[in-house]
Amino acid sequence: MHTALQLQKLLLAFMLVLLVAPGTLAQKATIQRLDGSHISVQEIERLVPALMDSAKVPGLALAILEDNKVRYVKAFGYRNVQKRLPLEPQTAMYAASFSKAVFAYLVMQLVQEGALDLDKPLYQYLGKPLPELKDYQDLAADARWKQLTARMALTHTTGFPNWRWFEPDEKLRFKFAPGAQYWYSGEGLQLLQVAVEKITGKGLLQLSEEWVFKPLGMTRTSYVWQPAFENNFAIGYMEDGKAVPKEKRDEAQAAGSMETTITDYATFMAAVMQSKGLTPRAKQEMIRAQVAIPFKAQFGPLATVVTDENKAIKLAYGLGWGVFESPYGPAYFKEGHDDGWENHSLAFGDRKKGLVIMSNSSNADKLFKELLEKLLGDTFTPWQWENYVPYNYSTN
């Protein structure tokens, strides 16, 4: 039998577990925002479902980071509306371009090991002219491929389009001179992946496991579909609520094939914020402003229209991450978009605060502006450049 003192000790130990264990009822009662104000967990858990209902978002997961650590993780709504299956912190979700941030983190580890020079022309790592590779034969008549570097790929200044299949003839060509300006490009990241795999003699799937996922304990994350995802994965939904057929990717692509969970990606964000796996020099190089972004929008016809709208925040791109300035210090961010999926991640380094949002709905980006403001106190993210137009936005 337990004595009264033993029972008291057991109760105290149990209470301590609740206080420190992530995902328990004892998650911090309030979250401190950038300006020092607080929002209660209860308020968050009233606000988010209400917003989701207003914007017709079936599922949304979020993580809040304080002191460079994951402090709050919660999933709302459904991973499968038809079957009424709840979205959970361990639900596998399509990461889309979150894939690029993870790849940038991996690449910077190779850079600090001396295996890759950010400014060495990539073709010199390949052992042959770039147009001799099957996927790059379209560049045979344009010698500018000799100028392409890892830095250009990570800063989105290769001059390549986002994807060649957006072109009328689906051929790869330069839209701008390499290094001339920011122009978001998945093609650039894919070229860098080819070089990285050549340098290391390993595929991205193996590299990501060895350098990122295993060291950080990201057990439900992969650049290809895994059998372990089958028991708990989310289906994406378009603006009209129509389900998007689940794509179970079998080819690792640095630019966008990753599947992850809100728990795992929050773990990754905390690792980046803590500089795990990176030297201070490599971390700073990754998140410093390297190319200014003076354009009205990230995508679409306004992506080359010059404006001063984001001059005050010094909107720019680092190596795999967007960056901007705020009264609370510099911030770095990465988004992920695809039909049926909207994701956003953000960190304010000086304040050691961050936020990750993942959703299986094309409507979710209509909530991002308000979520960033209400949960983090962030009124600086360039929501118009991001096309995060609120569901209730009016120009009147």
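## Glu-309 and Lys-296

Glu-309 is partly exposed at 44% relative accessibility (buried means under 20% relative accessible area, exposed over 50%, and partly exposed in between, with a 1.4 Å probe and protein chains only). Lys-296, at 26%, also counts as partly exposed. The two side chains form a salt bridge with an N to O distance of 2.5 Å; a salt bridge is a side-chain nitrogen of Lys or Arg within 4 Å of a carboxyl oxygen of Asp or Glu. Glu-309 and Lys-296 both lie in the loop between strand 10 (291-292) and strand 11 (316-317), so the pair ties together parts that are 13 residues apart in sequence. Helices (H or I, at least four residues) and strands (E, at least two) are DSSP runs, numbered from the N terminus.

The model is predicted: local features need pLDDT of at least 70 and side-chain atom pairs count only at pLDDT 80 or more, while totals for chains, interfaces and linings use all residues. Residues are numbered from 1 along each chain as its sequence is written, and side-chain values use heavy atoms, with hydrogens and water left out.

## Other salt bridges

The whole structure holds 19 salt bridges. In one of them, Arg-79 meets Glu-88 at 3.6 Å, N to O. Arg-79 is buried at 10% relative accessibility, whereas Glu-88 is partly exposed at 31%.

Glu-167 and Arg-173 form another salt bridge, with their closest N and O atoms 3.6 Å apart. Here the acidic residue, Glu-167, is buried, with a relative accessible area of 11%, and Arg-173 is partly exposed at 33%. A network of salt bridges links Asp-119, Arg-151, Glu-285 and Arg-288.

## Phe-299

The loop between strand 10 and strand 11 also contains Phe-299. Phe-299 is partly exposed, at 38% relative accessibility. Leaving aside residues up to four places away in sequence, Phe-299 touches Asn-162, Tyr-184 and His-337, where contact means heavy atoms within 4.5 Å. Between Phe-299 and Asn-162 there are 9.2 Å, C-alpha to C-alpha, and the two are 137 residues apart in sequence.

## Helix 9 and helix 3

Ala-282, Lys-283, Glu-285, Met-286 and Ile-287 of helix 9 are buried. Their cover includes helix 3, helix 5 (150-155), helix 8 (262-273), strand 12 (322-324) and strand 13 (331-338).

Helix 3 (residues 98-112) packs against helix 9 (residues 280-287) at an angle of about 135 degrees, with the axes 10 Å apart. Axes are lines fitted to C-alpha atoms, for helices over the stretch in contact, and angles run from 0 to 180 degrees between N-to-C directions. Helix 3 is therefore oblique to helix 9 (angles under 35 degrees count as roughly parallel, over 145 as roughly antiparallel, 65 to 115 as roughly perpendicular and the rest as oblique). From helix 3, Ala-104, Tyr-105, Met-108 and Gln-112 meet Ala-282, Glu-285 and Met-286 of helix 9. By class, this contact has five nonpolar, one polar and one charged residues; Ala, Val, Leu, Ile, Met, Phe, Trp, Tyr, Cys and Pro count as nonpolar, Asp, Glu, Lys and Arg as charged, and the others, Gly among them, as polar.

## Helix 2 and helix 10

Helix 2 (residues 41-55) and helix 10 (residues 365-376) pack at about 170 degrees, their axes 11 Å apart. That makes the pair roughly antiparallel. Helix 2 contributes Ile-44, Leu-47, Val-48, Leu-51, Met-52 and Ala-55, and helix 10 contributes Leu-367, Glu-370, Leu-371, Lys-374 and Leu-375. These residues divide into nine nonpolar, no polar and two charged.
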